[in-house]
Amino acid sequence: MLVRAYLNLPWKPRVILWSRLAPLCPGQTFYGNERVEKINKVIEKVAILEGVETVDMESPLKGHPEWIPDHLHPKAEGAPSIGEIMKEY
């Protein structure tokens with residue numbers, strides 16, 4: 001499992017998973033698709049089983065579709081905002 005591989009690195013990094021997977025906005029591939037919710041539940045289970053933290057990125061990003069104009073990658077204004085959210089976490 002990839003999470004365990006990171007946890008087993010000699011320098012013991014802090015592993016944090018985004019607790020909700022995109023898509024966040026209409027127009028994104030898989031927006032509203034029930035498979036996304038199933039994947040999100042698996043992410044939460046993995047975090048519990050592996051004892052890693054999760055951070056909610058859905059709430060702060062959902063209100064800012066302009067940060068992710070291609071519906072996947074943040075643009076120049078979005079990337080620093082994501083960084084600030086993680087810094088505050």
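## Briefing on a predicted protein chain

The protein chain has four helices and two strands; helices (H or I, at least four residues) and strands (E, at least two) are DSSP runs, numbered from the N terminus. This is a predicted model, in which local features need pLDDT of at least 70 and side-chain atom pairs count only at pLDDT 80 or more, while totals for chains, interfaces and linings use all residues. Residues are numbered from 1 along each chain as its sequence is written, and side-chain values use heavy atoms, with hydrogens and water left out. Read from the N terminus, the order of elements is α-β-α-β-α-α.

**Overall dimensions and surface**

- The C-alpha trace of the protein chain spans about 40 × 30 × 15 Å along its principal axes.
- The protein chain has 89 residues, and 29% of them are buried. Buried means under 20% relative accessible area, exposed means over 50%, and partly exposed lies in between (1.4 Å probe, protein chains only).
- The accessible surface of the protein chain is about 6300 Å², and carbon and sulfur atoms hold 61% of that surface. Accessible areas come from the Shrake-Rupley method with a 1.4 Å probe, and for residues only the protein chains shown count as cover.
- Among contacts in the protein chain with a separation of 6 or more, 61% are between residues 24 or more positions apart. Contact means heavy atoms within 4.5 Å.

**Charges and the positive patch**

- The protein chain carries 11 positive and 12 negative side chains, with the centres of the two sets 7 Å apart. Lys and Arg count as positive and Asp and Glu as negative, while His and the chain ends are not counted. The place of a charge is taken as NZ of Lys, CZ of Arg, CG of Asp or CD of Glu.
- Arg35, Lys38, Lys41 and Lys45 form a positive surface patch. Patches are made of residues with over 30% relative accessible area and no salt bridge; like charges are joined within 9 Å, and nonpolar side chains (Val, Leu, Ile, Met, Phe, Trp, Tyr) within 5 Å.
- Lys45, one of the patch residues, belongs to helix α2 (residues 34-50). Lys45 counts as exposed because its relative accessibility is 57%.

**Salt bridges**

- There are three salt bridges in the structure. A salt bridge is a side-chain nitrogen of Lys or Arg within 4 Å of a carboxyl oxygen of Asp or Glu.
- Glu50 and Arg4 form a salt bridge in which the closest N and O atoms are 2.5 Å apart. Glu50 is in helix α2 and Arg4 in helix α1, so this pair ties together parts 46 residues apart in sequence. Glu50 is buried, with a relative accessible area of 14%, whereas Arg4 is partly exposed at 43% relative accessibility.
- A salt bridge also joins the side chains of Glu53 and Arg14 (2.7 Å, N to O). This pair links distant parts of the chain, with Glu53 in strand β2 and Arg14 in the loop between α1 and β1, 39 residues apart. Glu53 is partly exposed at 27% relative accessibility, and Arg14 is exposed at 57%.
- In the salt bridge between Glu77 and Lys75, the closest N and O atoms lie 3.8 Å apart. Glu77 is partly exposed at 48% relative accessibility, and Lys75 is partly exposed with a relative accessible area of 35%.

**Ser19 and Thr54**

- Ser19 sits in the loop between β1 and α2 and counts as buried because its relative accessibility is 10%.
- Apart from neighbours within four places in sequence, Ser19 is in contact with Asn40, Glu44, Thr54, Val55 and Asp56.
- Thr54 is located in strand β2 (residues 53-55) and is partly exposed, with a relative accessible area of 32%.
- With neighbours within four places in sequence left aside, the contacts of Thr54 are Ile16, Leu17, Ser19, Ala47 and Tyr89.
- Thr54 and Glu44 are 10 residues apart along the chain, and their C-alpha atoms are separated by 7.8 Å.

**Backbone at Lys12**

- Lys12 is not a glycine, yet has a positive phi of about 50 degrees.
- Lys12 lies in the loop between α1 (2-7) and β1 (16-18), and it counts as exposed at 54% relative accessibility.
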